[in-house]
Amino acid sequence: MNSTNHAKSYAKVVNNGIQAVEEVNRLRNSGYLRDDIYVLAHDGDRTDRIADTASANEIGIKEEGMFDALANVFRSRGDQLRSKITSLGFTEAEAQFYERELDLGKVLVIAGKE
């Protein structure tokens, strides 16, 4: 099943990397494609490790666009995270909520749509 069949992008906040891997596997089993599943943590290295372990994606230039990806070089980490989240179709208010959860050490799993 292609993620474009889903009416809205899906997001779930989980407490740790283990739960993130479990959520990614659950999403794959429900029909989302690997290319449509993203993980995001407050720390970039942690995002890398979880994405590698879960065989999920990180939000990059393809999703953000070149301008936002370049602008992120000069933004605070919180601004970067909100930009990444909104690039997948979430509102600024939703991005602020999720970014606060990431500040608390949680992990965000997103099943995006094209």
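How many helices and strands does the chain have? The chain has 6 helices and 3 strands, where helices (H or I, at least four residues) and strands (E, at least two) are DSSP runs, numbered from the N terminus.

1. Ground rules. This is a predicted model, in which local features need pLDDT of at least 70 and side-chain atom pairs count only at pLDDT 80 or more, while totals for chains, interfaces and linings use all residues. Residues are numbered from 1 along each chain as its sequence is written, and side-chain values use heavy atoms, with hydrogens and water left out.

2. Overall layout. From the N terminus on, the elements run β-α-β-α-α-α-α-α-β. Of the 114 residues, 45% count as buried (under 20% relative accessible area; exposed is over 50%, partly exposed in between, with a 1.4 Å probe and protein chains only). Residues 24 or more positions apart make up 63% of the contacts with a separation of 6 or more, a contact being heavy atoms within 4.5 Å.

3. The sheet. The 3 strands form an open sheet in the order β1-β3-β2, with antiparallel pairing; two strands pair if DSSP finds at least two bridges between them. Its edge strands are β1 (10–14) and β2, each pairing on one side only. The twist averages 20° from one strand to the next; axes here are lines fitted to C-alpha atoms, for helices over the stretch in contact, and angles run from 0 to 180 degrees between N-to-C directions. Between β1 and β3 there are 5 bridges, and valine 13 has leucine 108 of β3 as its bridge partner.

4. Helices on the sheet. Helix α1 packs on the sheet and touches β1, β2 and β3, with its direction at about 10° to that of β3. Helix α2 also packs there, touching β2 and β3, and its direction makes about 150° with that of β2.

5. A closer look at α2. Which residues of helix α2 are buried? In α2 (residues 44–54), they are Thr47, Ile50, Ala51 and Ala54. These cover an arc of only 100° around the axis, so they lie on the same side of α2; the arc is that of the directions from the helix axis to the C-beta atoms. The cover over them includes α1 (17–29), β2 (37–41), α5 (77–86) and β3 (107–111). On the other side of α2, Asp45, Arg49, Asp52 and Thr53 are exposed.

6. The ends of α2. At its start, a side-chain oxygen of aspartate 43 comes within 3.1 Å of the backbone nitrogen of aspartate 45. After α2 comes serine 55, with a positive phi near 55°.

7. Aromatic rings. The whole structure has 2 aromatic pairs (rings of Phe, Tyr and Trp, its six-membered ring, with centres within 6.5 Å; planes under 30 degrees apart are stacked, over 60 edge-to-face, the rest tilted). Phenylalanine 90 and tyrosine 98 are edge-to-face, 5.8 Å centre to centre with 85° between the planes. Phenylalanine 97 and tyrosine 98 are edge-to-face too, at 5.4 Å and 65°. Tyrosine 98 counts as buried because its relative accessibility is 13%, whereas phenylalanine 97, at 40%, counts as partly exposed.

8. Glutamate 99. Leaving aside neighbours within four places in sequence, glutamate 99 contacts His42, Gly78, Leu81, Arg82 and Ile85.

Terms used. A polar contact is a pair of N or O atoms within 3.5 Å; within protein, one must be able to donate a hydrogen and the other to accept it, and residues adjacent in sequence count only if both atoms are side-chain atoms.
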